[in-house]
Amino acid sequence: MSRNDEFSEYVAARWSRLVRAAVLLGCSPAEAEDVVQAALMRCLVHWRKVERADDRDAYVHRILVNTFTSSRRRRWTGEQATSHVPETPSPDHTVAIDTTDAVLRSLSRLNRDQRTVVVLRYYGYLSEQQMADTLGVATGTVKSRLSRALKVLADDSDLAELRGTP
Amino acid sequence: MTNNEHLSELLERTAERVNVGPPPVDAMIGAAARVRRRARVGTVIVMSLLLIVLGGVAFAIRDMPSAPIAGEDRSVTDLTDSQVEISAMEGTWDVVALVGESGKSVMPPELHGKVSLTFDDGALVGDTGCNLIRGTYGTEPNDGEGLRLTLELSSITRAACAVEAPLVERLGTVRYTTVSDGHRYLHAENWMIVAQLRRQ
């Protein structure tokens, strides 16, 4: 199987999940596709490294996080994460708290490092060690970021309502 | 359900609400190919520049005069041009031509092929095949071309042939010496050639 065939197969299997992970990291859906496309292209340029990686998904997540961070650094005057979700053309007035909006609002209350570890841990299902490798930090740093992030989320009123607790 | 499991479920539900289009695989493959091609061209350019720089450095080092190392014996290549000329002067030379002030040869026909001069560590011996001329010589660097040469004739044997007067007279006017085309030339004060010598 050629490199391009392998790549195509991998993308077909992971594309949706990676784009959604980028949305949870803070991208808009359109921007998320751009970021993931740039990340996957970088992976294809260095596909040998992807093949040699012990954990291919962890490696790709690492490229994704780096690409996302670079795009945020480059577009410092661009879109910024906000706790106020703008009105949509067809808001769902029948649901008191829309789950999606509530979760995204809660995530936006985290700083970028905390948000990244939450997404990698609870959506990417990476272990602490994998996250440490992905982010290039010590495992202890990952644990402390995760701990602080969970504390912020535990105090979040929107998430408390979703959990059914006051 | 634990809080962590609940958080995972919330993230999954949130993510599922995101509509994702089909992956632009062909566009990514094309873009990656372009990046790789540009990287290869960049590598070739960098390597070429590196070779040019290394070549320049090699030429510069080759043309750089080598400094003598303390305590090391000096080889011939370490000697200056003047020192080479001094050491090259030692030995016996045939007098090929002897030129008078008029610019014409003053070598007596009977002396052709017989006259020689030997320079040996400051001692000068002239041999005309009949008489011997003895003296001393000294050299010192000249600011311009060649070496400043001082000849002092001290004695001459007096055999009956007595044909070396022009040689003695011309040697008395020598002030400089140069080397050209394998010949050594002795010059007067005005740089006029006095004698042409050829090493035996």
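Student: What should I know before reading the model?

Tutor: The model is predicted: local features need pLDDT of at least 70, side-chain atom pairs count only at pLDDT 80 or more, and totals for chains, interfaces and linings use all residues. Residues are numbered from 1 along each chain as its sequence is written, chains are lettered from A and ligands numbered from 1 in the order in which they are written, and side-chain values use heavy atoms, with hydrogens and water left out.

Student: How many salt bridges does a search of the whole structure find?

Tutor: A salt bridge is a side-chain nitrogen of Lys or Arg within 4 Å of a carboxyl oxygen of Asp or Glu. Over all chains, the search finds eight. One of them pairs R14(A) with D57(A), N to O at 2.9 Å. That pair links distant parts of the chain, 43 residues apart: R14(A) sits in helix α1 (residues 3-25) and D57(A) in helix α4 (residues 56-74), both of chain A. Helices (H or I, at least four residues) and strands (E, at least two) are DSSP runs, numbered from the N terminus.

Student: Which residue forms a salt bridge with R17(A)?

Tutor: E12(B) does, with the closest N and O atoms 2.5 Å apart. E12(B) lies in helix α1 (residues 3-16) of chain B and R17(A) in helix α1 of chain A, so this pair joins two chains.

Student: Is E12(B) buried or exposed?

Tutor: Buried means under 20% relative accessible area, exposed over 50%, partly exposed in between (1.4 Å probe, protein chains only). E12(B) counts as buried because its relative accessibility is 18%. R17(A), at 33%, counts as partly exposed.

Student: How many residues of helix α5 of chain A are buried?

Tutor: Seven of the ten in α5 (residues 99-108), so the helix is largely enclosed by the rest of the structure. Among the buried residues are V103(A) and L107(A).

Student: Which residues touch the most other members of the largest nonpolar core?

Tutor: A nonpolar core is a set of buried Ala, Val, Leu, Ile, Met, Phe, Trp, Tyr and Cys residues joined through side-chain atoms within 4.5 Å. The largest has 57 residues; F7(A), V36(A), L40(A), L64(A), V118(A) and L11(B) touch the most other members. Its largest share, eleven residues, comes from α1(A).

Student: What is L11(B) in contact with?

Tutor: Contact means heavy atoms within 4.5 Å. Leaving aside neighbours within four places in sequence, the partners of L11(B) include V103(A), L107(A) and V118(A). A second, separate core of 22 residues includes W93(B) and L149(B).
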